[in-house]
Amino acid sequence: GKKAKSWEKKSDKAIERAAVLGAGIMGGGIAYQSAYKGVPIKMKDINQDGLDLGLSEASKLLAKRVERGRMTPAKMGEVLNSIDATLSYDGFEDVDIVVEAVVENPKVKQAVLAETEQKIGEDAILASNTSTISISHLAKALKRPENFCGMHFFNPVHAMPLVEVIRGEKTSDKAVARTVAYANKMGKKAVVVKDCPGFLVNRVLFPYFDGFSKLLRDGADFQAVDKVMERWGWPMGPAYLMDVVGIDTGVHAGEVMAEGFPDRMKLDFKAAPEVMFENQRFGQKNNIGFYEYV
Ligand code: NAD
C-alpha cells in the first residue's frame, strides 16, 4: 500500500546481489523469483540434495515460461546461470542482502543467522523468512540487529503477490526501506508489519488451521472439508493447503504460535497434523500428507 511505497523512497542503496539460505520449498522459490527479476542470487544449503531440488524447481518454472512462449531459451539459460547453488559462504562478503529460509526452529535460525552475520559486509541486510518466530527474539543472537528484519514470502513464491516486511525492536528505517525496495524489485507488494509471533497473515491463518483440526477431531472428513471450502470460493481447502505448506513446517510454526499466545492458541497435540508429522507424512515435499502424490 501507500505506506510501503513511502518506505521504498527511503532506500539509499539498491539491492544488486542477494543470497538465500536453504534451498527448500521457500529458498528455491526465492532464488527463482530474484533471478527471474534480474537480481543474481547465491543459494546455500547444507546438503547437495537440497540444492538439486531447488535448482530443478527453478528450471521447471522457467521451462514452463519458455513452453508458453513467454521467455526465450537463451533468457532461461541466463536466469538459471544467475542462481549460484553452493554449499559454502564463498562470495557472501559481496551480497547486499541474505534471506534466511532454513527450518522453522528458533535455535537453528539464531545459530545460522549469527554465523552468516560474520560472513557478510557491515552494511548488508540480513532478513528472515520465518513464518512465525518473533524478529526481536531472533535478533538477540546478532551483533548488528539494526540490519536485521523479517522478509516473509508466501508459498508458492512466484505466484503469491504479498511479502510481509517485519520490523523488529532494533531494525533501522534503512533496513526496512531496502528490504521493501528488494521485495518490489522482485515484483511483490510489500507491507510493513509489526513484530509478534505470526506477524499478520499467520495470526489469521493459524486459528483457521486450528479450527480445521478440531473439526477433524469431531469426526469430519478432511476431503469433504476441502471440497466445501473450495465450493465456498477459496482456491484450495485447508488439508490441501497444509500439504502445500509442509506438515513439518506447519507443526513447528504451530508450536511457536502456541508458545507466543498461550491463552489464545491452545493447540490440540495429537490432532491430525501432529499425528501425520510423527508418521513422516510431510505433504507434497515427500509425496504423502493428507493426500498422496504420485
Ligand atoms: P523446507 O523444509 O522445504 O527447506 C528447508 C531447507 O533448509 C532444507 O533444504 C534444508 O536442507 C535447509 N537447511 C537446514 N539447515 C540449513 C543451514 N544451516 N544452512 C542452509 N540450509 C539449511 O522448508 P520451507 O518450507 O522452505 O521453509 C523454510 C522457512 O520458510 C521456514 O522458516 C518456514 O517457516 C518459512 N516459510 C515457509 C512457508 C511454506 O509454505 N512452506 C511459507 C512462508 C515461510
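This is a predicted model: local features need pLDDT of at least 70, side-chain atom pairs count only at pLDDT 80 or more; totals for chains, interfaces and linings use all residues.
Asn 202, Phe 206, Phe 209, Phe 212 and Ser 213 are the buried positions in question. These residues lie on the same side of α8, because they cover an arc of only 120° around the axis. The face turned away from that buried side carries Val 204 and Gly 211, which are exposed. After α8 comes Gly 219, with a positive phi near 110°.

The chain as a whole contains twelve helices and eight strands. Its radius of gyration is 19 Å, close to the 19 Å that the globule rule gives for 294 residues, so the chain is as compact as a globular protein of that length. Along the principal axes, the C-alpha atoms fill a box of roughly 55 × 45 × 40 Å. Buried residues make up 44% of the 294 in the chain. Among contacts with a separation of 6 or more, 68% come from residues 24 or more positions apart.

The domain assignment gives two parts, domain 1 (2-194) and domain 2 (204-286). Their C-alpha centres lie 26 Å apart. Seven residues of domain 1 are in contact with nine residues of domain 2. On the side of domain 1 that touches domain 2, two residues are nonpolar, four are polar and one is charged.

The loop between β8 (189-194) and α8 holds Phe 199. The phi of Phe 199 is positive, about 55°, although the residue is not a glycine. Phe 199 counts as buried because 23 C-beta neighbours lie inside 10 Å; the cut-off for burial is 20 or more. Phe 199 is also one of the contacts of His 152.

His 152 belongs to strand β6 (residues 148-152). His 152 has 27 C-beta neighbours inside 10 Å and therefore counts as buried. Beyond its neighbours within four places in sequence, His 152 is in contact with Asn 129, Thr 130 and Ser 131, with Val 163, Glu 164 and Ile 166, and with Phe 199. Ala 181 is 29 residues from His 152 along the chain, and the two C-alpha atoms are separated by 14 Å.

The loop between β6 and β7 (162-167) includes Pro 156. A cis peptide bond joins Asn 155 to Pro 156, with omega about -5°.

Gln 280 sits in the segment after α12. Here too phi is positive in a residue other than glycine, with a value near 60°. Gln 280 has 10 other C-beta atoms within 10 Å and so is exposed; the limit for that class is 12 or fewer. Asp 248 is 32 residues from Gln 280 in sequence, yet the C-alpha atoms of the two are 8.2 Å apart in space.

Key
Residues are numbered from 1 along each chain as its sequence is written. Helices (H or I, at least four residues) and strands (E, at least two) are DSSP runs, numbered from the N terminus. The radius of gyration is taken over C-alpha atoms; the globule rule is 2.2 Å times the number of residues to the power 0.38. Two residues are in contact if their C-beta atoms, placed from the backbone, lie within 7 Å. The arc is that of the directions from the helix axis to the C-beta atoms. Domain bounds come from an automatic or database domain assignment. Ala, Val, Leu, Ile, Met, Phe, Trp, Tyr, Cys and Pro count as nonpolar, Asp, Glu, Lys and Arg as charged, and the others, Gly among them, as polar.
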